[in-house]
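Here are a few notes to read with the model open beside you.

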Amino acid sequence: MKLNELRDNPGATKKAKRVGRGPGSGTGKMGGRGIKGQKSRSGVAIKGYEGGQMPLYQRLPKRGFNKPNRREYAVVNLGLIQKFIDAGKIDAGQDITEDALVASGLIRRKRDGIRVLSKGEFTSKANIAVTGASKGAIEAVEKAGGKLTVTAPAAAAE
């Protein structure tokens with residue numbers, strides 16, 4: 001075999017369709033676009049359009065629902081609380097309330113309450129009082145020798 005005898009497998013390559021190059025090409029004159037009409041023009045994008053028929057995405061029913069009076073909690077992880085305690089921004093000696101978390105800058109605003117999740121390490125012996133907490137967070141705080149109290153959620157802003 002010589003270098004000039006190298007060929008690609010049959011069917012592996014395909015010649016590009018050269019549109020609008022005379023009648024002998026099979027795609028001359030109108031270039032395979034037919035006669036007149038929107039699709040024969042350039043710069044046309046008809047994504048969901050079905051020729052005036054109600055498009056499929058409008059024929060299907062709407063799904064889903066967002067509860068207008070749902071509660072939105074500010075979420076904070078135990079690891080972040082520990083980080084702020086280590087940095088001295090939160091005093092672990094006193095009760096850690098929602099107001100203390102906001103004052104320290106850990107949370108911007110309370111929303112409908114603060115919910116504590118168990119991500120991260122928690123080693124301080126601290127009493128935390130918040131609106132909500134995961135089971136893992138409660139266990140982690142008690143394991144460190146502290147107490148996590150879940151208070152009743154604040155009334156949703158009407």
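1. Met1, Leu3 and Leu6 make up a nonpolar surface patch, and together they have about 440 Å² of accessible area. A patch here takes residues with over 30% relative accessible area and no salt bridge, joining like charges within 9 Å and nonpolar side chains (Val, Leu, Ile, Met, Phe, Trp, Tyr) within 5 Å. Areas come from the Shrake-Rupley method with a 1.4 Å probe, and for residues only the protein chains shown count as cover. Met1 sits in the segment before helix H1 (56–59). Met1 is classed as exposed because its relative accessibility is 85%; exposed means over 50%, buried under 20%, and partly exposed in between.

2. A word on the model itself. This is a predicted model, in which local features need pLDDT of at least 70 and side-chain atom pairs count only at pLDDT 80 or more, while totals for chains, interfaces and linings use all residues. Residues are numbered from 1 along each chain as its sequence is written, and side-chain values use heavy atoms, leaving out hydrogens and water.

3. Next, the annotation. An unreviewed UniProt entry marks residues 75–148 as "domain: Large ribosomal subunit protein uL15/eL18". UniProt positions follow the numbering used here, feature names are shortened, and annotations may be inferred rather than shown by experiment. Residues 75–148 are 34% helix and 20% strand, and the end C-alpha atoms of the span lie 15 Å apart. Helices (H or I, at least four residues) and strands (E, at least two) are DSSP runs numbered from the N terminus.

4. Which residues of H2 (residues 78–86) are buried? They are Leu78, Ile81, Gln82, Phe84 and Ile85. Looking down the axis of H2, these buried residues fall within an arc of 160°, so they line one face of the helix; the arc is that of the directions from the helix axis to the C-beta atoms. Lys83 and Asp86 are exposed on the other side of H2.

5. What do the buried residues of H2 pack against? Their partners are strands E1 (74–77), E2 (114–117) and E3 (127–130), along with helices H3 (98–104) and H4 (135–143). Contact means heavy atoms within 4.5 Å. After H2 comes Gly88, with a positive phi near 80°.

6. On to charges. The model has 4 salt bridges, counted when a side-chain nitrogen of Lys or Arg is within 4 Å of a carboxyl oxygen of Asp or Glu. Asp99 pairs with Lys110, their closest N and O atoms being 2.9 Å apart. Asp99 lies in helix H3 and Lys110 in the loop between H3 and E2, so this pair ties together parts that are 11 residues apart in sequence. Asp99 is partly exposed at 49% relative accessible area, and Lys110 is partly exposed at 31%.

7. Glu50 meets Arg59 with the closest N and O atoms 3.1 Å apart; Glu50 is partly exposed at 29% relative accessibility, and Arg59 is partly exposed at 42%. Glu72 and Arg70 form another bridge, at 3.9 Å from N to O.

8. Finally, some backbone angles to check. Most residues other than glycine have a negative phi. Lys36, in the segment before H1, has a positive phi near 50°, and Lys36 counts as exposed at 63% relative accessibility. Arg111, in the loop between H3 and E2, has a positive phi near 55°.

Terms used. Buried means under 20% relative accessible area, exposed over 50%, partly exposed in between (1.4 Å probe, protein chains only).
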